[in-house]
Amino acid sequence: MISIRGRVAVRMERGAIRYGPVSTIDLDTWRHLPAAQQPDWPDRAELDRVVRELATMPPLVFAGECDQLKERLAAVTRGEAFVLQGGDCAETFSGATADNVRNKLKTLLQMAIVLTYAGRVPVVKIGRMAGQFAKPRSKPVEVRDGVELPAYRGDMVNGFDFTAEARRPDPARLLRAYHCSAATLNLARAFTKGGYADLRQVHAWNQDFVAESPAGQRYERLAREIDQALAFIKACGGDPSEFHTVEFYSSHEALILEYESALTRIDSRTGLPYDVSAHMVWIGERTRQLDGAHVEFASKIRNPIGVKLGPTTTPEEALALIEKLNPENEPGRLTLITRMGAKKIRDVLPPLVEKVTANGAAVAWVCDPMHGNTFEAPSGHKTRRLDDILDEVAGFFEVHHALGTHPGGIHIEFTGDDVTECVGGGHEIVEEDLALRYETTCDPRLNRSQSLDLAFRVAELYRA
Ligand code: PEP
Ligand code: MN
């Protein structure tokens with residue numbers, strides 16, 4: 001139980017100032033536990049200085065918004081809505097431009113429209129955006145031509161260039177990640193609230209795209225139907241405010257705990273702690289150890305939380321994570337993001353879903369069809385096949401339909417640009433094309449046309 005002394009106070013914690021009612025929740029317990037995937041910061045004093053500065057920065061999101069997302073995810077848990085969560089594998093500082101953010105949002109909105117209209121389901125839109133700047137790595141070092149350097153861990157930690165200088169973890173990058181997140185979220189809020197996301201813009205989002213691709217043409221036909229439906233509703237006297245703006249939420253992997261902890265604040269309304277770096281944060285497959293620092297940290301904050309579950313997850317592990325992260329069984333608090341791989345999902349997902357359901361746990365099930373389907377092309381590029389991605393999503397729906405549970409959403413890596421990082425799709429990108437426009441600094445993303453192909457397929461599966 002959390003007990004709160006109701007007075008407002010300022011308290012110092014490792015130099016970080018926290019305003020608000022003093023709670024007896026100890027937010028620093030994670031510091032006593034092993035934390036996987038943390039950078040080897042060369043200058044601890046510099047890190048402490050940055051963390052103190054971050055702790056004085058305004059919140060990027062408000063606790064009330066996190067609660068609202070939790071309500072939306074509770075609807076997903078009840079089987080009444082569907083999550084569309086996506087964005088870059090790794091955002092970059094140089095990628096935080098108006099064009100880039102707009103293109104990603106436009107693609108997300110187009111996918112959401114396809115799902116809402118063709119799938120007939122309310123869609124909860126969550127960007128892997130405005131904070132997705134840190135990456136877990138399978139190896140701590142990278143070797144090229146006999147030269148060994150620290151692995152790139154995302155722009156929040158070090159630089160992508162393969163030089164000793166760039167790869168040195170630099171705490172100042174935590175501040176830059178905060179500012180880039182603020183700028184990205186500001187743009188996202190403007191785009192989604194300021195008329196751009198108005199349903200009457202469904203054609204405009206597609207303008208630069210329609211003639212070029214089968215997915216764009218298919219979308220255009222759907223947009224025409226929506227126009228007719230809107231005209232009909234308007235003629236009947238209806239013009240609900242929901243048609244004019246969009247609810248958009250931010251999310252990223254809560255990986256660098258010094259950053260997440262510096263941005264954790266006590267909500268003045270409730271006296272409860274929220275990580276105000278994003279509406280939702282998730283724990284990755286490599287950092288979900290039950291007795292590890294990431295799970296401990298996430299157990300203390302009140303945001304909606306995700307956990308990635310890979311193919312080796314046992315039902316017992318899933319239940320223990322649920323117990324630790326959602327002991328009150330609050331619907332919307334916990335989203336299990338499964339990433340099994342197309343070949344495994346039909347075998348490994350059923351026992352997990354069965355046990356969790358039999359336990360009465362209220363969770364949202366979301367499918368990440370990306371991370372279990374990565375392979376290396378002969379050219380050396382890390383890639384994924386759209387067909388494998390579609391197959392994993394189909395398997396996810398099959399399993400949930402067979403068990404009578406709700407396939408609650410998809411979590412994907414995509415970009416609004418016409419990159420050539422994943423193979424397959426309407427433009428039929430083949431392995432030889434990968435070098436043409438391979439721009440990711442980490443995992444391969446779906447391009448806009450592949451993303452729309454996926455949305456149409458998911459809408460079909462949803463209605464099946
Ligand atoms: C990711 O989402 O980019 C990622 C690293 O995923 P996972 O933790 O599932 O491997
Ligand atoms: Mn990734």
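## Basis of the model

This is a predicted model, in which local features need pLDDT of at least 70, side-chain atom pairs count only at pLDDT 80 or more, and totals for chains, interfaces and linings use all residues. Residues are numbered from 1 along each chain as its sequence is written, and chains are lettered from A and ligands numbered from 1 in the order in which they are written.

Helix α3 (residues 98-119) contains 22 residues; helices are DSSP runs of H or I with at least four residues, numbered from the N terminus. From first to last C-alpha, α3 reaches 30 Å, close to the 32 Å expected at 1.5 Å a residue (1.5 Å times one less than the number of residues).

The axes of α3 and α6 come within 11 Å and cross at roughly 60 degrees; axes are lines fitted to C-alpha atoms over the stretch in contact, with angles from 0 to 180 degrees between N-to-C directions. Gln110, Val114, Tyr117 and Ala118 of α3 meet Tyr219, Leu222 and Ile226 of α6, contact requiring C-beta atoms, placed from the backbone, within 7 Å. Six of these residues are nonpolar, one is polar and none is charged (Ala, Val, Leu, Ile, Met, Phe, Trp, Tyr, Cys and Pro count as nonpolar, Asp, Glu, Lys and Arg as charged, the others, Gly among them, as polar).

## Packing of α6 on α12

Helix α6 (residues 214-235) packs on helix α12 (residues 448-463) at about 50 degrees, with the axes 8 Å apart. This angle makes α6 oblique to α12, and the crossing is left-handed. Ala215, Gly216, Arg218 and Tyr219 of α6 contact Ser449, Leu452, Asp453 and Phe456 of α12. The contact comprises four nonpolar, two polar and two charged residues.

## Packing of α8 on α9

The axes of helix α8 (residues 293-300) and helix α9 (residues 315-325) come within 9 Å, crossing at roughly 40 degrees; the two are therefore oblique to each other. Val295, Ala298 and Ser299 of α8 contact Leu321, Lys324 and Leu325 of α9.

Around ligand 1 lie Cys89, Pro136, Glu253, Gly284, Glu285, Arg286, Lys308, Arg339, His371 and Asp443, each with its C-beta atom, placed from the backbone, within 6 Å. This shell has two nonpolar, two polar and six charged residues.

Notes: Parallel < 35°, antiparallel > 145°, perpendicular 65-115°, else oblique. Left-handed = near helix turned anticlockwise from the far one by under 90°. Contact = placed C-beta atoms within 7 Å.
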